[in-house]
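Here is a short tour of a two-chain model, meant to be read with the structure open beside it. We begin with the core, go on to the interface and finish with a loop.

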Amino acid sequence: MIHGNEKGIDRYNVVVHGFNVNDGNQDGIYEPNTLLHVTHMKYFNEGGMTLPSGSVASFVNLKDLSTRKGASSQQNDLGPLKPNEEGLVPGDGFTFQIKDAPISIDKPYVSDVSLTSMVSLIGRNFLDSNVTSTIRTMYPVRITNYRPPELLGPNEKGLMYVAVKNISKAPYGSKHGANNQCSLKVMFPSKFIIALPQHTSDAEIGEDYKLGKYTFQTVKSGKQCVVEIKGTLNKTILFDFYFVWTVNFD
Amino acid sequence: MTDIFFFIFFFFVDVQPGQTVVICLPVRSTPLSQKRLYASFPITATLILRKKPISKYSKDVRIVPVFDASKCYDVLLVTCKEIGIKEFQGWDYLFQLAGLAYAPWDIHRYKRLTAAPELSWVGRAAFIVLPAFKNTITAKEFINQDLVTHFQKYDNTSIIIVGGEAKDLSHCLYSYADPIASTDANISCLKGSKYRLDHCLELLLPKESSSPTNFLNEATGSKAVTNRVTPGSVEENNQALNNKTRKRTVDACMLYNESLQASDPGRRSHQAVVDFNKPRWTFVNSICGSNVLPHVEFHRSCIPADADLLTVKNVYKQEGHITGGGLPFTVYAQGDDLLFMPRPEPIYLSNPWGSTFFGILSGLPAWIITKLMVGNDFVHSLKFHVSVTKKSRFGTSSCLHTSIPQHDIDFVDVLYGILHDKISR
């Protein structure tokens, strides 16, 4: 085949060798309703002739992903690429928005999103440039054990356990900034079951509470009366039938 | 019923990568929960990340009463998670009508039905009522020793299984500790001879019609037409012979059981334990002669023959549920109290609640029934409905059945019927 000054047994063909996918906050977890960045998209000309300029790189077959508002969904004009040479798609890469997820019930949220790379020239797709990547989406923190008492007698005390795990590479909690805040809201039918204002023995308190890994506060939505107690849990206040108090250790 | 929910927020201060934080929170049921026994209340936890709820977990907490072993009760009601607040209200109303003080024993709270020395229902309740549920609790859970103590130490006691199988109670009758000595298990010569004649003659006296070959053919259902025996047919024949011999062993055991019961001063029931894998005594040999397996031992019932072990059948096949077919009352709330309002229509004795009520009254001793008859409580003003019943006048011939039309009776009639039955027995 002859094209201009070039001769070869085959024309040009683009193969995508790979691309990097990163989550928005670099904690290693792809969360719903956050950004997903694709960078370092490498393409390779495995044909016999130079790929002319004017090729377009983009991502298609987006599952539960959308193009970020205002951002370009494709990179125009990749430039010429000689046979057996690898190129890097210019620019800042691609940014997608992961679809938001409804609240999960009685299990952690886990889903998949996927995207497929594509390089085309004058509207014609190079089939070997289609590389699909499937990414698991979930949240960086999850409840791994939820165990309120199964039964209680009238006016009987019990212990409730909730285990929350951080599965990401970043620390979470208010100590690590507003973007990493997480909390747990526990709701009781206060007429029949209440949380006790204080632990009655050291064994009940639990190691993580002693280590200051969490604090707690009770409120009744709409009508709040917050009493600050420093250091110990020894005060309660009744206000308009709602039992409300706050504990601050920080 | 309006309910107030309150929230407790846990703020995580520091959860390092890969780390799990365990929250431990003491909770307490309020004294008001006494008025909602067997109700389930949800405790819900919502995990919030950057002010966005991401997952929600919810589990119910059942309000189950504590058994007070320091007190005595008329009735012990064995409960499980199948019994919710509505079901429990049915039981509460039933015991109130019958004038019986009761205490529940929840199988999930105490994990089992066997009594621990320091916390035991044995000796604290006269009548045990067990609503049976195949997948949760049946009469099989009773420990033989508990029942023996219950019936032997305390008179006028009963055990009533609602919606369960009578056979589930059979294990309670025997401790299997001391088999009856071989000398005690004699049967009369007359019965033994008759049995031999009916069952074993062809084995003892081989003849053309009772030859071993014909016997095998009879067992396998094939005709005696060939003398050729293939290896396969030998195996089949051996199996058939074995099966027939086992059946005869069982038949012989039944003969012994009847004989033992007849000669027992208390007319207690007896049970033969046949274990073909473990040779025991030679009872069967004694009447059947050779060729019969000696693998049987006999046990005498540990509990008195007149002990009331009652089973109430659920016509709706809903096991121990008594709400099927409706309850004879409605519930209305007055403040925090739930009050019973009896329905004006008669109580159907055929539906699960009615038959259970009847069953529990039947389990009461005659003197209590008599005492109830002369009372003048609220229950005496109630009417009970009896459905159409068929009564066989002579034998079981269907042409001699008479139908008694449905009719209403009052409480005294119900008690009179039970008393009449007790006396006639």
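## Cores and contacts

In the largest nonpolar core, which has 121 residues, A:Phe188 and B:Phe142 touch the most other members. A nonpolar core here is a set of buried Ala, Val, Leu, Ile, Met, Phe, Trp, Tyr and Cys residues joined through side-chain atoms within 4.5 Å; buried means under 20% relative accessible area, exposed over 50%, and partly exposed in between (1.4 Å probe, protein chains only). Helix 1 (residues 85-98) of chain B provides the largest share of this core, 7 residues. Helices (H or I, at least four residues) and strands (E, at least two) are DSSP runs, numbered from the N terminus. Apart from this core lies another, of 27 residues, with A:Tyr12, A:Tyr30, A:Phe59 and A:Phe94 among them.

Please keep in mind that this is a predicted model, in which local features need pLDDT of at least 70 and side-chain atom pairs count only at pLDDT 80 or more, while totals for chains, interfaces and linings use all residues. Residues are numbered from 1 along each chain as its sequence is written, chains are lettered from A and ligands numbered from 1 in the order in which they are written, and side-chain values use heavy atoms, with hydrogens and water left out.

Beyond its neighbours within four places in sequence, B:Phe142 is in contact (heavy atoms within 4.5 Å) with residues including B:Trp121, B:Ile159, B:His171 and B:Cys172. Elsewhere in chain B, helix 8 (residues 352-362) is mostly covered, with 10 of its 11 residues buried; B:Trp353 and B:Phe357 are among them.

## Where the chains meet

| Feature of the interface of chain B and chain A | Value |
|---|---|
| Residues in the contact | 65 residues from chain B, 83 residues from chain A |
| Buried area | about 8000 Å² |
| Salt bridges | 5 salt bridges |
| Polar contacts | 51 residue pairs (both at pLDDT 80 or more) |

Buried area is the accessible area (1.4 Å probe) that two parts lose on being put together, summed over both; carbon and sulfur atoms give 60% of it here. A salt bridge needs a side-chain nitrogen of Lys or Arg within 4 Å of a carboxyl oxygen of Asp or Glu, and A:Glu31 and B:Arg50 form one through their side chains (2.7 Å, N to O). A polar contact is a pair of N or O atoms within 3.5 Å; within protein, one must be able to donate a hydrogen and the other to accept it, and residues adjacent in sequence count only if both atoms are side-chain atoms.

## A loop in chain A

A:Leu196 sits in the loop between strand 18 (193-195) and helix 1 (202-205) of chain A, and is buried at a relative accessible area of 10%.
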